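Hi,

Here is the model we talked about, passed over to you along with some notes. Have a look at it first, then read on.

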Amino acid sequence: MASYKPTKITVYPKLGEKVTQDTVYWKNYKAPIQIKEFGAVTNINFSPVAPHNFAVTAFTRIHIYGPFSHEPVKSFTRFKDTAYCGRFRSDGQLLVAGCEDSVVRLFDVNGKVALRMYKGHTKAVHVTDFTSDSYQILTGSDDYSCRLWDIPNATELNAYQEHTDYIRCGQHLFSMFDGRVDKSVMTLDHGQPVESLLLYPSEGLLVSAGGRFVKVWDLLKKGQPLVSLKNHHKTVTCLCLSSNGERLLSGSLDRHVKVYNTTSYKVVHNFDYAASILSLALAPNDESIVVGMTNGILNLKHRKNAEESKEISGQQRRRPSYRVFVKGKNYFPKQDDYLVSKPVKQHLAKYDKQLKKFNVSKALDTALEAWTRLKKPEITVAVIKELDRRGTLKNALAGRDEQGLSRLLYFLIGNLFDPRFAPVLVTAAEMILDIYQSVIGQSSVVDRQLLRLQEMLEREIDYQQELLEVLGMLDTVFASSLPRKEVPCSMFSLMIR
Amino acid sequence: MVEHGDIRVVHRGGSKINSREPVISSDSRLLLCASGECVKVFSTSTEECIHDLRGHTGLVTGVLLRPSNHLQAYSCSADGTVRLWDFTDGILIKWRSVGKACVCVCTCVCAELFQLVAVHLPQSGDRLVEARELSAVLSDVSSNPAAIAFGRGGEYIVSAKGLQLEVYFFKKQKSYRFSLKENNKKGRKNTFTCVASHPQDDCIATGHEDGKIRLWRNFSHKKEYTYSTLHWHHSVVSSLCFTPEGTNLLSGGVESVLVQWRYNQESQKDFLPRLGAAITHIVVSPDGALFCTSHSDNKITIIQSCVKVSAIIQGLVKGESLSTDLMVDPRSKAMVLNGKPGHLQFYSLQRDKLLFNLDIVQQEYIHQSGLQQFEVVKAAFTASGNWLASVEERKQKDAELELNLKLWMFDEQSQSFVLNTTISAPHEARITAMCFCQSTDSQTTMLALTFMAVDDGPSWSCDFVGAYHSLVPECCTFSADGSLLAVSFQEVVTVWSPSSWELLTTLSQPPGAIRDLCFGKLSCSKYLVGTTANNLLCCWNLLTCALEWSTSMNTSLLLADPLSENMAAFLNVHNVDQIVVFVFKPNEPRPLYSHKAVCSGNVTRAVFAPREEMLDSCEESSQWLNHSQLYFLTQCMDLMTFTTKAEEARQMAASKQLVIDDSIAMTPFHLLLGKHRGQQQQQESGQDSLSAERTPLPQGSAAIKELLQTPAHILPSTSFLCSMFVQSLLISVTDSRSETKHVEEEMESEKEEDSEEEEIESRAVRPPEMARCGQATETATLTKAQVKELRRVKKLDHGWLSSVLDL
């Protein structure tokens, strides 16, 4: 005697983004922490040494935050005008920043007053950075020039005058300079004003962001463009590499941060923020993502530690009665024990119990209970489908009073137009109309619901018609755009046709 | 054309076991049922087939226990003979020809001829026959054996046909007829379907087409008869049976529910629901301990009288339509076809046994006539057997076609297929063909109508939808290496590349739609062979994209052997109405082998099943049978195959070896130990007189030492040894000490050459031999033989054991 096979509830695939390794990784951050700065956050830079403080350049200040504190550990406020581009040296001891007043300042991380001031630019300095040997500073300014400074004695070593526009990180044309030569080595044309540049750790690839494009250049092949990514719909403002170099992040004025795979250059994940993004930084090991926005808000997201992430993935909370049921379940009989097996009682859902007894109306009633009907309409639909398969749907639907009928109609109104349920519910709706057409007009409640159903049906038909029209239009577009391909045929088939 | 004498077409199992009602032996241990041309004897406890009673040349139409000797049984057959068997040993005792071929049941009558059929039926049967010879009263008898029954102690016979019930009393030689009105108010049918009579009471139970059961009483009077009605079944009552004591009435029908009614307390009933398929017969064992129901899906269920299923004997299920083709599961080498509604069955060809049913639809089956159910219509395996794809469909009158494509993955842990993906409504119309890409890499592709390819991975998704001039594709096949896909669209064959989904070329051969397509294998992989509806067999060369050769023959079926280059074509010769089989290689239009007159009627399905072990026949004509065997299903759903003489002889020998001549539910161990134990017991009983003067056991007996000193890991399990060992010790004690010493010495000498287990065995055996020399000779030889047998068992690979024990 086979046991009763319960009604199969169809599982409908959830629409939406697929869960991949990447989404799991990039979603594993805690709720963001927001810190209000004084003005738009133009730059964020992490210190390369532990504890990985980060410098946030906003308005006339540079704040340094610790990895966990939400208050600035230190702040540099001795700027006369807007500060730009606060950056750490590779040993984390020195910090350089440009300023609107064309002076470049060098700070000791522990000090307060600038150690050195580099004067020479005639306009605002937007770009400052240490060279890789960490003894020199490179600055770019609105006076179209780019200068190289010696740190200890604050002298200008070199000035590059080849640019023809503000250096905000580059411009239409950006050039590669060699520190030993005083001419550009390579000039690459991005096409739009360049907002951000990023050199791969291997120094073979260069990523530039400008306009809506992110472009990757192969420096070893004389600056040959490798890919051009167009995934943002507003200007891309900042770029960042993940710690292992396998993912590239780009922030944009369209309020999104996108994560690209650096082998396939496909977007693998996407973050949304509240305002346009100006700056973006990733802590070493991707421990946190810091994003600065135009409205002066600094957004911090820390990675969850192992226990916290486990907590989410584990089973949901159990009811107190669970303990009773699980009691003794994990007891393994010893070798000498005589095991008396008890027949396992099959647990059936309420509607299945009724279906097993062939109580079709009652089965439908239980499936139409408020909770199931509202929370899990697929169960109700599955029961209706099962009844239809048994050929007893008509019997189940018939013989209902006003209340029962209105409940049914209510369910239909709610779910008839769901494409997943439509095939099943249309048959049911037809049957209901067949059965109850004689009593139409006797109850105002039912009549109102029927009218509503009719109205929704008309709307749905119009909608479907429009969709079909669109489909037809698209088909013609596609058909004309595809190149025609000749299929080789043997002589025989040509003859037949 | 060459005709080869040494290859024969043989019938290969899978016959119906539910055609007639089974019979349970009086001790409830054995079950006899008619199965094709033989009677099968099953054990009721282990479900194992113990032996076949072979001898009839026609379909067996009835089996009956001999009332005077409960160890013998009669069987009658359509070949016009009645045979008497000793069914415990499987020996034919005698047979009598009735003279005329008749469809008959032993207990009753021939349905068509009204002839006496069972001449030497003792007692009631005899009397019946005599009586009928004299008067031939029952002129209008239903052909259904269930509609005839004998009354209490053979006093009367009841027969029902149509709306009439006829009771004939042998003593009075008088018959009474009762008839019912044709229709009730509700327009339901009153037609009689089955009859049963109470063993002690004057009461007849009749089943009706509308599901009612009527209990007739007082029927020895023309006018004053009465009947009461029981109604539970919603459709036809197909079988009724009283228990031997007459306390219960069992009924069953299409609902597949066994209902047990209390006699005289009809409001109380017990149910045994969900027996799987419509009940066709119900039988109760003579002692009333077991019920037995046979079902329409070729199944016999054995039920204990407490209404609990104890065993199920399942035969090959042959539905009305074989919608899935015959396939071979690459893993278990079992033949796979659709069986029970919504199931795929795995049938072992070698052992003629249904291995298991895979539930594809996974829905509660509603036993109701006229209800449209989901049917499994297509199935396909990957070459490795890791994946199974199945298609189920349900067509209602005015609703859309419901289609489900399911993908099953083989689970190593549970050793069965587990549902991986369900795709509902993969196509808008019926799926015409489906196949897996046979390539070795992990990417597996599958396709069907309008055709769609699906990719695997953790999930399956549609890869490509292709169409050709909006024609309907008929059949599709992948080449052996998976680099080409051929799909036929009516008379055009299109060849696609599965890697890029490009249409590579089209081949066509006017006129006539393509019926079958096969790629050549191995050395012939450049050929594509197809058959058309217009009697053409064409072979294309794929390198030149041209027709290599074609012949005109009316091919009904074409299939390729997966393990060799060979292909087999079944031909319909119209004027002769016979089927001819050709086996050929695609590279030459010359048959390797042909066989005329394979069977009458069309061959619809066939399959090449790989052999478990290769044959090494080097004769050209039978070489094609070396790797695989060709099985086919005839129109009347008989499973046939081709075998060579040598192979048949070998099989016979093997089967004889395996036959176990004891009828007890048995295992090889039981065979060995049971006999041995029996002997020991005999000896024991013989020694009862001696046992009085038994001396206490010597504590330091050599045997005990031996047993204790043997490393435990070499010893067989203690349960195996214990009783024998203890018994042997008990017996040895009856003799003097000197003799035990003697035994000990012998043990020592034997030690070197024999393994430990044998020593223990021999020790168990020897002492009685020593004890009583007079009687010993006979037993000693026997025991020695048994020692040898045990030795053999030990040396054998125990893998075969599991195959014997397998349920």
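B:Asn264 counts as exposed, at 54% relative accessibility. You'll find B:Asn264 in chain B, in the loop that runs between strand E20 (258-262) and strand E21 (265-272). Do keep in mind as you read that this is a predicted model.

A:Asn285 is no glycine either, yet its phi is positive, about 65°. Its place is the loop between strand E24 (277-282) and strand E25 (288-293) of chain A. A:Asn285 is exposed, with a relative accessible area of 55%.

Still on the backbone, there is a cis peptide bond between A:Ala50 and A:Pro51, with omega at about 5°. A:Pro51 sits in the loop that connects strand E2 (41-46) to strand E3 (54-58) of chain A.

Across all chains, the search of the whole structure turned up 30 aromatic pairs. One of them is A:Tyr25 with A:Trp26: the ring centres are 5.1 Å apart and the planes stand at 90°, so this pair is edge-to-face. A:Tyr25 is partly exposed, with a relative accessible area of 33%, whereas A:Trp26 is buried at 2%. Then there is A:Phe54 with A:Tyr65, a stacked pair with 5.5 Å from centre to centre and 20° between the planes. This pair links distant parts of the chain: A:Phe54 belongs to strand E3 and A:Tyr65 to strand E4 (residues 61-65), 11 residues apart. Both A:Phe54 and A:Tyr65 are buried.

Over in chain B, ring pairs join B:Phe178, B:Phe192, B:Trp216, B:Tyr225 and B:Tyr227 into a cluster.

A:Arg303 lies over the face of A:Tyr29, 4.5 Å from the ring centre. The charged end of A:Arg390 is placed over the ring of A:Phe358, at 5.3 Å from its centre.

Now the cysteines. How many disulfides does a search of the whole structure find over all chains? The count is 0. A:Cys238, for instance, is in no disulfide, and the nearest cysteine sulfur, that of A:Cys240, is 8.3 Å away. A:Cys238 counts as buried, at 5% relative accessibility.

Last, an annotation. The UniProt record, an unreviewed entry, has "domain: C2H2-type" over residues 33-56 of chain B. In the model, that span is 0% helix and 62% strand, and its end C-alpha atoms lie 14 Å apart.

That's the lot from me.

Cheers

Terms used:
Residues numbered from 1 in each chain as written. Chains lettered and ligands numbered in written order. Predicted model: local features only at pLDDT ≥ 70, side-chain atom pairs only at ≥ 80, totals over all residues. Heavy atoms only, no water. Helix = DSSP H or I, 4+ residues; strand = E, 2+ residues; numbered from the N terminus. Buried < 20%, exposed > 50% of the residue type's maximum accessible area, 1.4 Å probe, protein only. UniProt positions renumbered as here; feature names shortened; annotations may be inferred. Disulfide = S-S within 2.5 Å. Phe/Tyr/Trp six-rings, centres within 6.5 Å; stacked < 30°, edge-to-face > 60°. Lys NZ or Arg CZ within 6 Å of the ring centre and 35° of its normal.
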